[in-house]
Amino acid sequence: MSESSTAAERAPVTQADLFFGFLKVGVSGFGGVMPFARRMLVDERAWLTEREFTEVLSLSQFLPGPNIINVSIIVGNRFRGPLGAAIASLGLMLMPFLIVLALAALYARFATLEAVRGATAAVSSAATGLIIAMGLKMGQPLSGTVWQIVIAALAFVALALLRVPLLWALLILVPLSVALAWRTRR
Amino acid sequence: MADSPVIPQVLIELAEQFGALSFLAIGGVNALIPEIHRRVVDVYQWMSNAEFAQAFAISQASPGPNMLIVSVIGWKVYGFLGALVATLAICAPSSVLTFAVAHVWDRFRDAPLRAAIQRGLAPVTVGLVLASGYVLARAADETVAAYSVTLATALLALITRVHPLLFLGVAAALGAVGVV
């Protein structure tokens, strides 16, 4: 609790600040906006220190749900309580939500055009490549540890090839993986 | 809930499905794609494989968090109201949990179990994200040219620091003129 009060004392953060700060983050990036959230929170507005941001990020990744939404909830709550959390997450989602629906409506209207269909299909192929690259990048820190590679491979096989429901896969793999991490803790 | 005739059944199903997925989304929504695909295409058959790939493309072409595919699926199923319900459903349950946990989390900062949980979740997330890539490739890529775009993008994204949007832009241009 002491840390949240020091963060709040550094600079008064109003509800409008929260809304517009996260509004800008929402429209800043494509396929994920976390780097822009860090820039806004740490560099531009100095609402959080680097260390505080890392802690907020790690909690957001640890908990279920969209990570960036979790960041907006934690930061909004830290400065302005429950209402702040609601305002920050609303600011984050408002524009992307409206833009993506506008795009979907445009696509539905012009999908009969060969060029639009071709462009959309190619974008989804390329975006798939970006996801694969992201998975491989995230996997690089694991490459020295055999059990972590085995767990990642099991998760891949279960979800991609066997199409096991995610809940079952998580109920088996997460306790197993955490137990292995516990046994090999330093 | 037979006594709620004013709320369309499909909206309730959207809320239930994405509300449950909200709690399963460890490692973010990109790790959730295989499960969303399983429920939306295989189980509920709200959209075809090709439509799923289109929804993914539209969500990637829009700025913002990578969870927007959920909004597009909701829109496809039940228009604006469907999009709103699906988006709230994927966000709200996990947000309430985050709100509740944020207060107690700092007390466990140095707990060894917390470190073990984080180290244990990491490889699961990696496997899930790669599974997302596989499921999306199966949905999006039908031709050799399409698989080539996916492979080339993955390779270039790994070995260069080019802005991701550039890949989507080049692909869109190639697709629009019918090269791929």
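User: What's the mean pLDDT of chain A?
Analyst: This is a predicted model, and the mean pLDDT of chain A is 89, with 94% of its residues at 70 or more.

User: Where in chain A does pLDDT stay under 50?
Analyst: Over residues 1-5 of chain A. The model has six contacts beyond four places in sequence for that stretch. Where pLDDT is low, the predicted coordinates should not be read in detail.

User: OK, salt bridges. How many are there over all chains?
Analyst: A search of the whole structure turns up nine. One of them pairs the side chains of A:Glu44 and A:Lys24, at 3.3 Å from N to O. That pair ties together distant parts of the chain: A:Glu44 sits in helix α3 (residues 34-44) of chain A and A:Lys24 in helix α2 (residues 15-26) of chain A, 20 residues apart.

User: What does A:Glu50 pair with?
Analyst: A:Glu50 forms a salt bridge with A:Arg38, and their closest N and O atoms are 2.9 Å apart. This is another link between distant parts of the chain, with A:Glu50 in helix α4 (residues 50-62) of chain A and A:Arg38 in helix α3 of chain A, twelve residues apart.

User: And how accessible are those two residues, A:Glu50 and A:Arg38?
Analyst: A:Glu50 has a relative accessible area of 41%, so it is partly exposed. A:Arg38 comes in at 25%, which also counts as partly exposed.

User: Switching to chain B: which residue forms a salt bridge with B:Lys76?
Analyst: B:Glu51, with the closest N and O atoms 3.2 Å apart. The two residues lie 25 apart in distant parts of the chain, B:Glu51 in helix α3 (residues 49-60) of chain B and B:Lys76 in helix α4 (residues 68-105) of chain B. B:Glu51 is partly exposed at 25% relative accessibility, and B:Lys76 is partly exposed at 40%.

User: Which residues do salt bridges with shared partners join into one network?
Analyst: A:Arg38, A:Asp43 and A:Glu50.

User: Now the interface. How many residues does each chain put into the contact?
Analyst: Chain A gives 87 residues and chain B gives 93. Together the two chains bury about 8,000 Å², and 76% of that is on carbon and sulfur atoms.

User: Which chain A residues lose the most area to chain B?
Analyst: A:Phe30, A:Phe62 and A:Arg163, which together make up 9% of what that side buries.

User: How many salt bridges are there between chain A and chain B?
Analyst: The count is one. A:Arg163 pairs with B:Asp42, their closest N and O atoms being 3.7 Å apart.

User: Which helix supplies the largest share of the chain A side?
Analyst: α6(A), with 22 residues on the side that touches chain B. By class, that side of chain A has 58 nonpolar, 21 polar and eight charged residues.

User: Let's zoom in on a chain B residue. Where is B:Leu24?
Analyst: B:Leu24 is in helix α1 (residues 9-24) of chain B. B:Leu24 is buried, because its relative accessible area is 10% and the buried class is under 20%.

User: What is B:Leu24 in contact with, leaving aside neighbours within four places in sequence?
Analyst: A:Leu166, A:Leu167, A:Leu170, B:Leu32 and B:Arg39. As for B:Glu35, eleven residues from B:Leu24 along the chain, the C-alpha atoms of the two are separated by 9.3 Å.

Definitions and conventions:
Residues are numbered from 1 along each chain as its sequence is written. Chains are lettered from A and ligands numbered from 1 in the order in which they are written. This is a predicted model: local features need pLDDT of at least 70, side-chain atom pairs count only at pLDDT 80 or more; totals for chains, interfaces and linings use all residues. Side-chain values use heavy atoms; hydrogens and water are left out. pLDDT is the predictor's confidence in each residue, from 0 to 100. Contact means heavy atoms within 4.5 Å. A salt bridge is a side-chain nitrogen of Lys or Arg within 4 Å of a carboxyl oxygen of Asp or Glu. Helices (H or I, at least four residues) and strands (E, at least two) are DSSP runs, numbered from the N terminus. Buried means under 20% relative accessible area, exposed over 50%, partly exposed in between (1.4 Å probe, protein chains only). Buried area is the accessible area (1.4 Å probe) that two parts lose on being put together, summed over both. Ala, Val, Leu, Ile, Met, Phe, Trp, Tyr, Cys and Pro count as nonpolar, Asp, Glu, Lys and Arg as charged, and the others, Gly among them, as polar.
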